[in-house]
Amino acid sequence: MSTEAQVAAFEGGKLRILASGEKSREAVLALPLNRLLVKMVRVAPDEDPIAIAEPILKTMSPFPDEALTVSCEIVRDDEKGRVVIAAALPESAVDDIGEALDAEKLSVVRIDSLVLGQLRGIWNTLGESSTRRLVLFDSPDCLSCIVLDSDQPSAIRAITDRTNLWREVTLSLLEAEDFGGAKKIDEIIIVEQDKSDASGGETPPPQDADPRGGAVSAAPNKEDPFNVLAAFAPIRCITVGSDAALVGVAERSEDEGALNALPESWRELLEETRFKAKLIKYLAIAGGIWLLIMAVLFGVPMVYGFMTSHQKSLSKQHQRQYAAVKEMKAKVDLIRKYSDHARGALEIMKALSDRLPEGITLSGWNYKRDEGVRVTGEAETAEDVYEFKDKMDALAEGENNEGEKIFGSVNLNGPNASKGKHRFDLDCQYKTGDVE
C-alpha cells in the first residue's frame with residue numbers, strides 16, 4: 001500500500017475514514033462481508049488458486065454472467081497444498097459505494113474485507129487455541145461469521161438473517177466441518193463495537209491508548225439474542241473501539257500478499273486517474289518553467305534597465321555633489337593661498353637675506369608666489385656661492401625658524417668666474433602640490 005493512502009470503510013451505507021494526518025486522494029477501502037464474495041479454498045501445490053477459486057465464486061455471485069476479478073490470500077502453505085481466502089467484488093452491486101467515493105473525491109487502490117481487519121485487531125485478545133472456535137463480528141450491515149481451527153479460518157460467511165441465528169450458525173459450522181473436518185466447537189466469541197465510543201472514526205484516540213480500543217471480556221446479558229448460541233459452546237463477549245477494524249485493515253495493507261478485490265474496471269480507472277494527476281502535475285511544472293523563462297526574458301531587461309536608471313541617477317547626484325565640493329575646495333584653497341604670509345615676498349626675502357654669506361651680492365630677484373624664487377648674484381669666491389646654496393638646501397629640508405620645509409628643491413646654476421667675480425643663479429622651487 002502507498003504510505004500516503006487513507007483507510008476507509010463503507011459500513012451502514014456511509015463512508016467512514018480513519019482519522020490520520022494523511023489527506024491523500026487515494027484510499028484503501030474495507031467492505032463488509034455481505035458486499036464481497038468470500039470463500040475458503042484448498043488448492044494443490046501446482047494449481048493456480050485464482051483458476052480454482054473463480055468458478056466457485058461465480059456460483060455464489062448474484063450476477064453469474066458478470067466477470068469477476070478474483071484475489072487470493074494464502075493462509076497456509078505446506079507440502080499438502082495451500083489454504084487460501086478467495087474474494088471478489090461484483091461491480092453491479094457497488095453503485096452506492098461509487099457515489100460515496102465520488103463525494104469524498106477518493107480513488108481506491110485496494111479493496112479488503114472489513115472482517116479480516118476486525119480479526120487482526122482482536123487477534124491478541126483471542127489468545128492461542130488448538131481447538132475450533134466461532135467468532136461473530138456484529139456490524140450494521142451483517143453479522144460476519146468466521147470459524148477458526150487453531151489459527152486458520154475454515155469458514156467465512158455473512159449472516160444477514162438474524163431472526164434465524166441458530167440456523168445460520170449451524171450452516172457455518174457445517175461448512176467448516178466440510179472444509180476442515182469434524183471438530184468440537186470450544187468457544188463462541190461475540191465481538192461488538194463499544195457503544196460509548198461515539199467518535200465514529202472521525203476523532204483519533206489518545207496517543208497513550210490502544211487505537212483499536214480496549215478489549216473487554218464478559219458474559220452476555222440474559223436478554224442478548226446471542227444467548228440462543230449458548231447450546232453450541234460457552235460465549236465470550238469482546239468490546240472494541242470504533243477504529244479497531246480500520247487500524248487492522250491499515251496494518252494488513254502493508255502486506256503485499258493481503259487480499260485486493262479491486263475490480264479490473266476500477267484498476268483501469270485508477271490508472272487513468274493517476275495518469276491525469278501526473279499529467280496535470282507535469283503540465284503545471286512545465287507551465288511554471290515557461291513562466292519562469294518568460295519572467296527571465298522580459299523581467300531581466302526591465303530590472304537591468306531600472307538598475308541602470310538608478311545608477312545613472314546616483315551618478316548625476318554624485319556629480320553634482322562632487323562639483324559643489326570641488327568648488328568649495330577651490331574657494332578654500334584660494335583663501336588659504338592669500339592668507340599664507342609665510343610664503344609672501346617679504347618672508348622669502350628675509351629668509352634669503354638671513355642666509356646670505358658675506359661676499360655675495362644679489363643682482364636679480366624674480367619672485368613668483370605659486371612657484372618660488374629665482375635670484376641672481378655674484379660672489380668673491382666660489383666657496384661663498386656653495387655656502388649659500390647649502391644654507392638654502394637646509395631651508396628646503398625644514399630648518400627655518402618654525403621648522404617648516406618651505407622649498408621642495410634648490411638648484412644652483414654656476415658659479416661662473418668672470419673678471420674676478422663668480423656669477424651664479426639660484427632657483428628655489430616650492431614643494432610640488434603645495435600651491436595650486
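How many of the 6 residues of strand S1 (residues 6-11) are buried, and is the strand enclosed by the rest of the structure or left open?

Author: This is a predicted model, and what follows should be read as a description of that prediction. In strand S1, which covers residues 6-11, 6 of the 6 residues are buried, so the strand is largely enclosed by the rest of the structure.

Two strands pair with S1, and they can be taken in turn. Strand S3, made up of residues 26-31, runs parallel to S1 and is joined to it by 4 bridges; within that pairing, Gln6 has Ala27 of S3 as its bridge partner. Strand S2, made up of residues 14-17, is likewise joined to S1 by 4 bridges, but here the two strands run antiparallel, and Ala8 stands opposite Ile17 in S2. S1 and S2 together form a hairpin with 2 residues between them, and in this turn Gly12 has a positive phi of about 65°.

As for the setting, the secondary structure of the chain comes to 9 helices and 17 strands, and buried residues make up 40% of its 436 residues. Among the contacts between residues at least 6 apart in sequence, 64% join residues at least 24 apart. The accessible surface of the chain comes to about 24,900 Å², and carbon and sulfur atoms account for 53% of it. On that surface, Tyr282, Ile285, Ile289, Ile293, Leu297 and Phe298 form a nonpolar patch with about 630 Å² of accessible area together; one of these residues, Leu297, is found in helix H7, which covers residues 264-339.

A word on confidence is also in order. The mean pLDDT of the chain is 81, with 86% of the residues reaching 70 or more, and the confidence is highest in strand S4 (residues 37-43), at a mean of 93, and lowest in strand S12 (residues 216-218), at 48. Over residues 198-218 the pLDDT is below 50, although this stretch has 40 contacts in the model beyond near neighbours in sequence. Where pLDDT is low, the predicted coordinates should not be read in detail.

How values were computed. Residues numbered from 1 in each chain as written. Predicted model: local features only at pLDDT ≥ 70, side-chain atom pairs only at ≥ 80, totals over all residues. Heavy atoms only, no water. Patch = residues over 30% accessible without salt bridge, like charges linked within 9 Å, V, L, I, M, F, W, Y side chains within 5 Å. Areas by Shrake-Rupley, 256 points an atom, 1.4 Å probe, with all protein chains shown as cover. Salt bridge = Lys/Arg side-chain N within 4 Å of Asp/Glu carboxyl O. Buried < 20%, exposed > 50% of the residue type's maximum accessible area, 1.4 Å probe, protein only. Contact = heavy atoms within 4.5 Å. pLDDT = per-residue confidence, 0-100. Pairing = 2+ DSSP bridges.
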